[in-house]
Structures are given as C-alpha cells and as structure tokens.
Amino acid sequence: MSPDNDKALCEAAPQLYADRGASAAETCMCWGFSFGDGWFPLLLDLSKALEAEISKEPMAERVFCRASQVKEKFGTLRFYMTCSTPEMERLIDEAEMVSAKTCEHCGAPGKLRHGGWVLTLCDKCDKARK
C-alpha cells in the first residue's frame, strides 16, 4: 500500500492503528499493510467502522482494541486485532469476504487467481501479472 494511503488509514482510525509505529517485538503492524492500493477503500471503510466501535467501549478498555496485523493471505484480506467485540468481528468478516471479489491492485471487481501466489485480481491486472 502506498505511504499516503497508509498515513490516511492511521489518521482515520488513530485508536485502531495506535501501534502502527511500534516495534516488531510489540506488534506485526510495524510492517504496515501488505497488499496493493485496490483494497484501500474497503480498508478505509472497515477502519472507520472499527474506530466507531472502539469509541463505544469504556475508556479503560479502548487501549486493548487495536489492529495487530493487516495483510493479504491466500488472496484475501486478513485483519487481526488484539481484542474485539462480536460486532467488530462481524465487520472484519464482511470486509474479508468483499476482498475476495475486489482486485487488490486497482479495486475493480476481481476473483481469486492462482499461479504461484494466490491473489484477488481483475482480468486486466491478472493479464498484466502474467
């Protein structure tokens, strides 16, 4: 993901991504977001929704609800948190399902593509990859 989009996510959800600058000994968020910019709108919407859910928690509990790793695995979004509620898990599950139909490079409708590494790509990005 581009540095500008990385920054935009952290600014849109400061509680969720509070550990973004922490060390590898503390969190996997130190490596950032390991996929293309096509999922940025999806992740921005998810991040804002999770941030709103975190804000509903008691002040003393909010510090525990943080993203611990956000990545692509087997062609879809994987979003892990240090602590979450059932509603947060529902939002994450929904976003992960949408990622399986969204090109991670450009954001167009896509599908899972095999060929060494499994990715979700549109026809155009898949053709460019080959």
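Reader: Which residues does K111 touch, not counting residues up to four places away in sequence?

Author: K111 touches A100, L119, T120 and L121, with residues up to four places away in sequence left out of the count. Contact means heavy atoms within 4.5 Å. This is a predicted model, in which local features need pLDDT of at least 70 and side-chain atom pairs count only at pLDDT 80 or more, while totals for chains, interfaces and linings use all residues. Residues are numbered from 1 along each chain as its sequence is written, and side-chain values use heavy atoms, with hydrogens and water left out.

Reader: Why does K111 count as partly exposed?

Author: Buried means under 20% relative accessible area, exposed means over 50%, and partly exposed is in between (1.4 Å probe, protein chains only). K111 has 48% relative accessibility, so it counts as partly exposed. K111 is found in strand 4, residues 111–113; strands are DSSP runs of E with at least two residues and helices are runs of H or I with at least four, numbered from the N terminus.

Reader: What class does A108 fall in, and at what relative accessibility?

Author: A108 has 26% relative accessibility and therefore counts as partly exposed. A108 sits in the loop between helix 4 and strand 4. Not counting residues up to four places away in sequence, A108 touches K101, T102, C103 and C122.

Reader: What makes C10 count as buried?

Author: The relative accessibility of C10 is 19%, so C10 counts as buried. C10 is in helix 1, residues 3–12, and touches Y17 and R20 when residues up to four places away in sequence are not counted.

Reader: Is F74 buried or exposed?

Author: F74 has a relative accessible area of 58% and is therefore exposed. F74 lies in the loop between strand 2 (67–73) and strand 3 (76–81). F74 also has a positive phi of about 55 degrees, although it is not a glycine.

Reader: At what angle do the axes of helix 2 and helix 4 cross?

Author: The axes of helix 2 (residues 40–56) and helix 4 (residues 86–99) cross at roughly 175 degrees and come within 10 Å. That makes helix 2 roughly antiparallel to helix 4. Angles under 35 degrees count as roughly parallel, over 145 as roughly antiparallel, 65 to 115 as roughly perpendicular and the rest as oblique. Axes are lines fitted to C-alpha atoms, for helices over the stretch in contact, and angles run from 0 to 180 degrees between N-to-C directions.

Reader: Which residues in helix 2 and helix 4 meet?

Author: L42, L46, A49, L50, E53 and I54 in helix 2 meet E87, M88, L91, I92, A95, V98 and S99 in helix 4. The residues of this contact comprise 10 nonpolar, one polar and two charged.

Reader: What pattern does the protein follow along the sequence?

Author: The pattern is α-β-α-α-β-β-α-β-β-α, with five helices and five strands. The radius of gyration is 15 Å, close to the 14 Å that the globule rule gives for 130 residues, so the protein is as compact as a globular protein of that length. The radius is taken over C-alpha atoms, and the rule is 2.2 Å times the number of residues to the power 0.38.

Reader: What percentage of the 130 residues of the protein count as buried?

Author: Of the 130 residues, 45% count as buried.

How values were computed: Nonpolar A, V, L, I, M, F, W, Y, C, P; charged D, E, K, R; others polar.
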